[in-house]
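Dear colleague,

My notes on it follow directly after.

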Amino acid sequence: MSEFVTVDGARVGVLMGSTSDWPVMEQCSKTLASLGVTHECNVISAHRAAKRLETYCVSAPGRGVQVLICAAGGAAHLAGVAAAMTHIPVLGCPMKAWSTEGLDSLLSMAQMPKGIPVGTLAVGSAGAVNAALLAVSMLSLADEALRERYLAFRAEQSTATFELPGAPGH
Ligand code: RP5
């Protein structure tokens, strides 16, 4: 296997600090796939594989990647370091790691010093799914077909009804 996986036509690059982030970030990938967004997923830690991360971030826009989604836990440098190495938007997904229920990761990603922004989402699966949806929203500004799919998803979500077994009126 080469340094990292590339997918022809990928418009979103999903990066993780560890394979342990995948069970959560798989939901991000599935959300992108459900809306027809070609993407690629890689584990490239900011502190364990800094040079590889630089190669990825510098080369990704030239291959057509328009948004990076970066998931990491603990000190969670990944999104900030990636954002430092590319001009394309970087969305951060804080992972619950080994302590503090993900608050460490959330603050690491959200408290970026001014000059290099990271758009930080919620901790865990809500953030993973929302990162995908936010990337779709960004891409849909210049992609009418994607915009239609995104609006259809939102409309379907809005009209969903719910059964509450045992509740009055159900
Ligand atoms: C971060 O540290 C990863 O993003 C992961 O969330 C966390 C724990 O990594 P592992 O010790 O499971 O490899 O780098």
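This is a predicted model: local features need pLDDT of at least 70, side-chain atom pairs count only at pLDDT 80 or more; totals for chains, interfaces and linings use all residues.

In strand β2, asparagine 42 is the bridge partner of leucine 15. Residues are numbered from 1 along each chain as its sequence is written, and side-chain values use heavy atoms, with hydrogens and water left out.

Helices (H or I, at least four residues) and strands (E, at least two) are DSSP runs, numbered from the N terminus. Two strands are taken as paired if DSSP finds at least two bridges between them. Strand β1 covers residues 12–16, and 5 bridges join β1 to the parallel strand β2 (residues 39–43). A further 5 bridges join β1 to strand β3 (residues 67–73), again in parallel; here glycine 13 has leucine 68 of β3 as its bridge partner.

Because 5 of the 5 residues of β1 are buried, the strand is largely enclosed by the rest of the structure. Buried means under 20% relative accessible area, exposed over 50%, and partly exposed in between (1.4 Å probe, protein chains only). In a regular strand the side chains alternate between the two faces of the sheet. Accordingly, Val12, Val14 and Met16 point one way from β1, while Gly13 and Leu15 point the other way.

Together with helix α1 (residues 22–34), β1 and β2 make a right-handed β-α-β unit. Right-handed means that, with the strands pointing away from the viewer, the path from the first strand over the helix to the second runs clockwise.

The sheet and the chain

The 5 strands form an open sheet in the order β2-β1-β3-β4-β5, with parallel pairing. Strands β2 and β5 (119–120) stand at the edges, each with a single partner strand, so one side of each is left without a neighbour in the sheet. Strand β4 (residues 90–95) pairs with β5 in the parallel sense over 2 bridges, and glycine 119 in β5 is the bridge partner of leucine 91.

The chain has 6 helices and 5 strands, which run β-α-β-α-β-α-β-α-β-α-α from the N terminus on. Of its 170 residues, 41% count as buried. The C-alpha trace spans about 60 × 40 × 35 Å along its principal axes.

An aromatic pair

Rings of Phe, Tyr and Trp (its six-membered ring) pair if their centres lie within 6.5 Å; planes under 30 degrees apart count as stacked, over 60 as edge-to-face and the rest as tilted. By this rule there is 1 aromatic pair. Phenylalanine 4 and tyrosine 56 form this edge-to-face pair, at 5.0 Å centre to centre with 85° between the planes. The pair links distant parts of the chain, 52 residues apart: phenylalanine 4 belongs to the segment before β1 and tyrosine 56 to helix α2 (residues 50–59). Both residues are buried.

Serine 45

Serine 45 lies in the loop between β2 and α2 and is buried, with a relative accessible area of 5%. Leaving aside its neighbours within four places in sequence, serine 45 is in contact (heavy atoms within 4.5 Å) with Met16, Gly17 and Ala50.

With kind regards
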